Amino acid sequence: MKTILNVIWLVLSGFWLFLGYLVAGVVLCITIIGIPFGIAAFRIGIYALWPFGYTTVERRDAGAPSCIGNVLWLILAGWWLALGHIVTGLLLCVTIIGIPFGIANFKLIPVSLFPLGREIVSTDKPFASSGW
């Protein structure tokens, strides 16, 4: 079922979200300071390309630099991205068929707000990186 949802998501909106995050990642990687943010944008883009069957978990080894980076990300880009995912998710939830896709947009909100110090894992192994 998740494969069917991912294919429909890819055709309707996932590809365009992926391209947007890819372009943002390339622009951010132009400067040395922006490389961690560019890598985070690439990670979100991959997650936005194929969201069903995956989730995000916090990395226990992420330290103070990722916290500081998340604050900068939140101020400069995160809240705009989250707002876009909220509006898109609400619009998708208007129809019964669009509800799973709206929920997928809502799943993208936490990682679009605070991308640093998070890892994308399969829902089959949600604690894979945390050492459980």
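Trainee: In this predicted model, what do the buried residues of α2 pack against?

Mentor: Helix α2 covers residues 35-49. Its buried residues are Phe37, Gly38, Ala40, Ala41, Ile44, Gly45, Tyr47, Ala48 and Leu49. The elements they pack against are α1 (2-28), β1 (54-58), α3 (64-92), α4 (99-113) and β2.

Trainee: What span does α2 reach from its first C-alpha to its last?

Mentor: Helix α2 has 15 residues, and 21 Å is expected at 1.5 Å a residue. The span in the model is close to that, at 21 Å.

Trainee: Are α2 and α4 roughly parallel or antiparallel to each other?

Mentor: Two packed helices are described by the angle between their axes and the distance between the axes. The axes of α2 and α4 come within 11 Å and cross at roughly 175 degrees. Angles over 145 degrees count as roughly antiparallel. The two helices α2 and α4 are therefore roughly antiparallel.

Trainee: Which residues make the contact between α2 and α4?

Mentor: The residues of this contact divide into five nonpolar, one polar and one charged. From α2 come Ile44, Tyr47 and Ala48. From α4 come Lys107, Leu108, Val111 and Ser112.

Trainee: Is Val121 buried or exposed?

Mentor: Val121 lies in strand β2, residues 118-122. Its relative accessibility is 8%, and buried means under 20%. Val121 therefore counts as buried.

Trainee: What distance separates the C-alpha atoms of Val121 and Thr56?

Mentor: Val121 and Thr56 are 65 residues apart along the chain. In the model, their C-alpha atoms are separated by 6.0 Å.

Technical notes:
Residues are numbered from 1 along each chain as its sequence is written. This is a predicted model: local features need pLDDT of at least 70, side-chain atom pairs count only at pLDDT 80 or more; totals for chains, interfaces and linings use all residues. Side-chain values use heavy atoms; hydrogens and water are left out. Helices (H or I, at least four residues) and strands (E, at least two) are DSSP runs, numbered from the N terminus. Buried means under 20% relative accessible area, exposed over 50%, partly exposed in between (1.4 Å probe, protein chains only). The expected span of a helix is 1.5 Å times one less than its number of residues. Contact means heavy atoms within 4.5 Å. Axes are lines fitted to C-alpha atoms, for helices over the stretch in contact, and angles run from 0 to 180 degrees between N-to-C directions. Angles under 35 degrees count as roughly parallel, over 145 as roughly antiparallel, 65 to 115 as roughly perpendicular and the rest as oblique. Ala, Val, Leu, Ile, Met, Phe, Trp, Tyr, Cys and Pro count as nonpolar, Asp, Glu, Lys and Arg as charged, and the others, Gly among them, as polar.
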